[in-house]
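Q: I would like to go through this model with you at the level of side chains and domains. Could we begin once it is on the screen?

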Amino acid sequence: LPRFTDHSNNLQLSSTRSGKKLIPASVSPANMRYRSTRGGEVNLSFQDVLFAGYSEDGGLYMPESVPTVSAAELKAWATLSYRQLLYQISRKFIDTQEIPDNDLRDIIESAFRKFKSDEEMKLVNVTQSTVEADDIWILELFKGPTFAFKDLALSFVAGLLEYFLLKDQRHVTILVGTSGDTGGAAINAIEGRANMTLIVLLPRHRCTVPQMLQMVTSQHSNIVVYSVDGLSDDLDVPIKKCFASADFMKRHNLMSINSINWGRILGQVAHFFYSFFRRTQTKQTSELLSVEIVLPTGAAGNITSGCLAEAMGLPVTLVAAVNTNDIMARAINGDFSIVPQVHHSLSSAMDIQMPYNFERMLYLFSEFNVQLVASLMKTFEEQGRVKIPDSILSNMKKVITDTCVHDDDRVLQVMRMVHHSHGYLLCPHTAVAVVYHYKCPPIATKPRLYIATASPTKFPEALKKALTSTDPKLESVSQHLPDKEASAIVHNVCQPLDHLKSLPTKSLMMDQGENWEKMLREKIEEINATWLNEICV
């Protein structure tokens with residue numbers, strides 16, 4: 001097998017696939033350590049990185065090595081439930097001295113106490129076609145309490161945080177910027193939990209009404225919500241400034257559970273193993289097939305988790321589907337660059353200009369070359385663009401085999417087409433992925449599935465537009481529905497969240513012209529002063 005050198009500490013690593021990835025010769029949970037993608041911090045524990053945001057050198061945290069899953073393990077895991085898979089996978093990344101086996105099992109069970117047992121996700125065949133290549137297999141990851149895939153990883157992260165906080169008897173303040181779903185899922189996972197306070201910044205007028213109501217209706221004392229007059233990327237500016245002050249961050253135990261948090265990435269790795277096993281079971285063969293997974297891509301946290309799953313030995317390839325904010329598609333093809341503005345789309349969670357998890361992908365596909373990652377990110381941050389080296393692109397494209405970019409018109413077409421032909425409603429984010437089915441139909445020899453990141457329940461405006469629009473571009477797809485009929489469909493689909501409209505709301509405002517960083521700092525100071533007063537009483 002080819003061998004590579006880790007450029008940060010000269011640790012010899014071996015590759016399992018023609019020099020494509022770094023896998024150490026021996027990895028066990030007892031020696032799993034973490035470091036910054038830029039090399040400034042090394043030899044960190046799982047707890048260290050779980051409670052961190054950005055690293056002190058501006059990078060993100062990743063494992064110093066990627067544990068492998070053997071063919072025997074893959075076979076043994078094939079029939080496990082999601083919770084059992086999450087245990088097996090997280091066990092490989094968390095030292096048993098940090099969290100013993102029984103404690104980890106308890107954390108996972110308690111994390112999903114708001115979920116229906118064994119119904120965390122579901123694989124469905126939308127088309128039920130007699131022609132296998134026509135089948136649209138969708139993994140519904142939105143079975144959680146806020147109808148978004150982020151319920152899964154965030155519930156796990158919240159359980160992990162509470163475990164360590166209660167053991168150490170300390171408090172953390174969690175900062176989260178959201179484009180919609182992250183905020184609601186984070187609030188649901190954290191509200192009422194001991195020793196943590198969550199501050200959520202949401203972009204005013206950029207979330208759907210159900211998304212906004214899921215955030216501003218929380219009445220728990222450990223939840224603070226700011227409605228910000230800005231875009232999703234604007235929210236990250238004051239948050240990152242707060243994290244940039246090491247003294248302020250440490251003094252107030254400041255952290256984030258956006259997908260910059262390693263726990264989020266780890267929790268999502270299990271999605272890919274689960275989807276692989278369920279999809280291959282539909283083929284009714286004992287052969288270990290490769291599965292192609294098409295996923296909507298925004299800040300790149302989920303696709304990073306997929307890349308990690310593949311690096312562990314899962315036989316999958318990925319397709320990155322994006323909307324008109326196409327920085328991820330361009331980056332995967334070598335051009336990592338900022339464009340003048342973010343376009344507001346129906347798939348608002350993907351309306352981003354800075355997919356920060358792409359740095360983790362650079363780390364993984366550069367063969368852990370932290371000096372190269374630091375250099376590339378320095379250039380990107382200074383100039384707003386950087387060309388990705390061919391060596392990284394070559395490794396990346398063996399895993400992410402294709403990208404696709406779709407505008408709202410095409411998304412609406414597919415939402416309407418799938419409902420008209422199969423009676424199935426897609427959320428606009430999931431539709432970004434399913435468009436690929438019509439652009440590049442699957443082949444029978446390679447099973448494919450599409451990741452559904454959110455329920456259509458949360459997107460009434462997009463559903464109504466897809467079903468009723470008289471745009472000529474949609475007329476060729478299928479006849480539009482009468483307004484009354486479409487309204488009835490949307491009402492029935494969105495009914496699970498109707499109760500939010502009658503609940504009292506609670507939020508603070510951040511308006512243009514105000515000093516958002518100062519407002520955040522003052523709120524954090526207030527939160528921690530209150531905490532200190534409470535424990536001193």
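Q: Which ring does the charged end of Arg278 sit over?
A: The structure is a predicted model. In this model the charged end of Arg278 is placed over the ring of Tyr274, at 4.3 Å from the ring centre.

Q: And what about Arg170, which ring does its charged end sit over?
A: That ring belongs to Phe51, and the charged end of Arg170 is 4.4 Å from its centre.

Q: How many aromatic pairs are found in the whole structure?
A: The search gives 13 aromatic pairs. One of them joins Phe51 and Phe164: the ring centres are 6.1 Å apart and the planes stand at 75°. An angle over 60 degrees counts as edge-to-face, so this pair is edge-to-face.

Q: Where do Phe51 and Phe164 lie?
A: Phe51 is in the loop between α1 (46–50) and β4 (61–63), while Phe164 belongs to helix α5 (residues 150–168). The two residues are 113 apart in sequence, so their pairing ties together separate parts of the chain.

Q: Is Phe51 buried or exposed?
A: Phe51 counts as buried, because its relative accessibility is 10%. Phe164 is buried as well, at 1% relative accessible area.

Q: What is the geometry of the pair formed by Phe336 and Phe358?
A: Phe336 and Phe358 form a tilted pair, with 4.7 Å from centre to centre and 50° between the planes. This pair also links distant parts of the chain, since Phe336 is in strand β13 (residues 335–337) and Phe358 in helix α13 (residues 358–365), 22 residues apart. Both Phe336 and Phe358 are buried.

Q: Which residues form one aromatic cluster?
A: The cluster consists of Tyr34, Phe46, Phe93 and Trp262.

Q: Changing topic to charges: how many salt bridges does a search of the whole structure find?
A: It finds 26 salt bridges. Among them is the one between Lys92 and Glu73, whose closest N and O atoms are 3.2 Å apart. Lys92 lies in helix α3 (residues 82–93) and Glu73 in helix α2 (residues 71–77), so this bridge ties together parts 19 residues apart in sequence.

Q: Is Lys92 buried or exposed?
A: Lys92 is buried, with a relative accessible area of 15%.

Q: What does Glu120 form a salt bridge with?
A: Glu120 pairs with Arg83, and their closest N and O atoms are 2.4 Å apart. Glu120 is in the loop between α4 and β5 and Arg83 in helix α3, so to speak distant parts of the chain, 37 residues apart. Both Glu120 and Arg83 are buried.

Q: Which residues are linked with Asp335 in a network of salt bridges?
A: The network links Asp326, Arg330, Asp335 and Arg385. Within it, the side chains of Asp335 and Arg385 meet at 3.2 Å, N to O. Asp335 belongs to strand β13 and Arg385 to strand β14 (residues 385–387), 50 residues apart. Asp335 counts as partly exposed at 27% relative accessibility, and Arg385 is partly exposed with a relative accessible area of 44%.

Q: Moving on to domains, what does the domain assignment give?
A: It gives domain 1 (152–257 + 507–536) and domain 2 (457–498). Their centres, taken over C-alpha atoms, are separated by 34 Å. Six residues from domain 1 and six residues from domain 2 take part in the contact.

Q: How much area do domain 1 and domain 2 bury between them?
A: They bury about 510 Å², with 58% of it on carbon and sulfur atoms. On the domain 1 side, Thr208, Pro210 and Gln214 lose the most area to domain 2, together 67% of what that side buries.

Q: What is the count of salt bridges between domain 1 and domain 2?
A: The count is one salt bridge. Separately, the side chains of Asp181 and Lys458 meet in a salt bridge at 2.6 Å, N to O.

Q: Finally, the backbone: what is the phi of Gln169?
A: Gln169 has a positive phi of about 50° although it is not a glycine. Most residues other than glycine have a negative phi. Gln169 is in the loop between α5 and β7 (172–177), and it is exposed, with a relative accessible area of 55%. Asn253 likewise has a positive phi of about 50°; Asn253 is found in the loop between α9 (246–251) and β10 (254–256).

Definitions and conventions: Residues numbered from 1 in each chain as written. Predicted model: local features only at pLDDT ≥ 70, side-chain atom pairs only at ≥ 80, totals over all residues. Heavy atoms only, no water. Phe/Tyr/Trp six-rings, centres within 6.5 Å; stacked < 30°, edge-to-face > 60°. Helix = DSSP H or I, 4+ residues; strand = E, 2+ residues; numbered from the N terminus. Buried < 20%, exposed > 50% of the residue type's maximum accessible area, 1.4 Å probe, protein only. Lys NZ or Arg CZ within 6 Å of the ring centre and 35° of its normal. Domains from an automatic or database assignment. Contact = heavy atoms within 4.5 Å. Buried area = accessible area lost by both parts, 1.4 Å probe. Salt bridge = Lys/Arg side-chain N within 4 Å of Asp/Glu carboxyl O.
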